[in-house]
Amino acid sequence: METVAMHIANGIVNGPVSALFAVLAAVALAFCVWKARADLDDRLAPMAGLVAAFIFAVQMLNFQVLPGVSGHLLGGTLAVILVGPWMGALCVSTVLIVQCLLFADGGLTALGLNITNMALIGTAAGYLLVAGLLRLLPKNPAGLATTALVASIISVAVASQGFVLEYALGGTTDLSLPTISGTMAGVHVLIGIGEGLIAATTVATVARVRPDLVYALRRFRKPVLAEVGAVA
């Protein structure tokens with residue numbers, strides 16, 4: 001493995017496992033479409049387009065992590081903070097599909113693998129972290145920036161382990177799983193720091209100018225005690 005990058009090329013994982021994850025990704029995205037319909041309003045729809053365009057643009061900019069290893073924004077945490085988990089997963093998936101078909105960034109047979117890791121695992125981990133952190137941190141631009149930074153670092157590392165699972169099921173080379181897991185985790189923590197700084201700056205800026213456009217601030221605006229009292 002000459003480089004360690006989140007995009008998986010053709011042939012790294014065998015055909016049956018790639019096909020399995022393609023089906024899994026298709027089913028999961030269909031579920032996201034169904035769930036996202038409940039969130040769509042006059043703020044979320046245009047914001048989703050802007051988020052997808054921003055992620056696409058920033059993913060074209062690579063930054064060096066180690067010799068022969070470059071990283072870029074994955075966008076899962078940024079997307080869930082601004083447009084929520086369901087629409088966020090769809091935004092990241094759209095970017096990955098366009099990159100694969102137009103720029104050959106990631107293999108076509110590995111598209112389901114890449115969507116699973118970055119659009120599904122990455123956004124799910126990011127959303128769970130954001131939900132937990134915003135219960136503790138202030139719901140203002142500074143708290144949101146801290147949330148974005150921490151959640152980005154951890155979610156990127158978690159997403160990288162999706163590849164480890166896929167490789168364990170159908171890897172086509174003779175590399176040890178502990179080596180792959182450790183290398184992927186270490187490199188993607190560094191990538192996550194870069195992503196976290198970009199995400200923190202972006203969401204803090206949007207929160208200062210138009211807090212009503214930030215999904216996370218709307219979704220988690222109520223204190224925990226108030227929500228518990230409402231349930232009771």
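The chain exposes about 10700 Å², of which carbon and sulfur atoms supply 71%; accessible areas come from the Shrake-Rupley method with a 1.4 Å probe, and for residues only the protein chains shown count as cover. This is a predicted model, in which local features need pLDDT of at least 70 and side-chain atom pairs count only at pLDDT 80 or more, while totals for chains, interfaces and linings use all residues. Residues are numbered from 1 along each chain as its sequence is written, and side-chain values use heavy atoms, with hydrogens and water left out.

**Fold and burial**

- The chain holds nine helices and two strands, taken from DSSP runs (helices: H or I, at least four residues; strands: E, at least two) and numbered from the N terminus.
- From the N terminus on, the order of elements is α-α-β-β-α-α-α-α-α-α-α.
- Of the 232 residues, 48% are buried (under 20% relative accessible area, with a 1.4 Å probe and protein chains only).
- Among contacts (heavy atoms within 4.5 Å) with a separation of 6 or more, 78% join residues 24 or more positions apart.

**Nonpolar cores**

- A nonpolar core is a set of buried Ala, Val, Leu, Ile, Met, Phe, Trp, Tyr and Cys residues joined through side-chain atoms within 4.5 Å.
- The largest has 56 residues, and Ile-81, Leu-82, Val-83, Leu-144 and Val-214 have the most contacts inside it.
- Elements giving two or more residues to this core include helix H1 (15–39), helix H6 (141–170) and helix H7 (177–209); the largest share, nine residues, comes from H5.
- Beyond its neighbours within four places in sequence, Val-214 is in contact with Ile-81, Leu-82, Leu-144, Val-206 and Ala-207.
- Another core, of 11 residues, lies apart from the largest one and includes Val-17, Phe-21, Phe-163 and Met-184.

Notes: Buried < 20%, exposed > 50% of the residue type's maximum accessible area, 1.4 Å probe, protein only.
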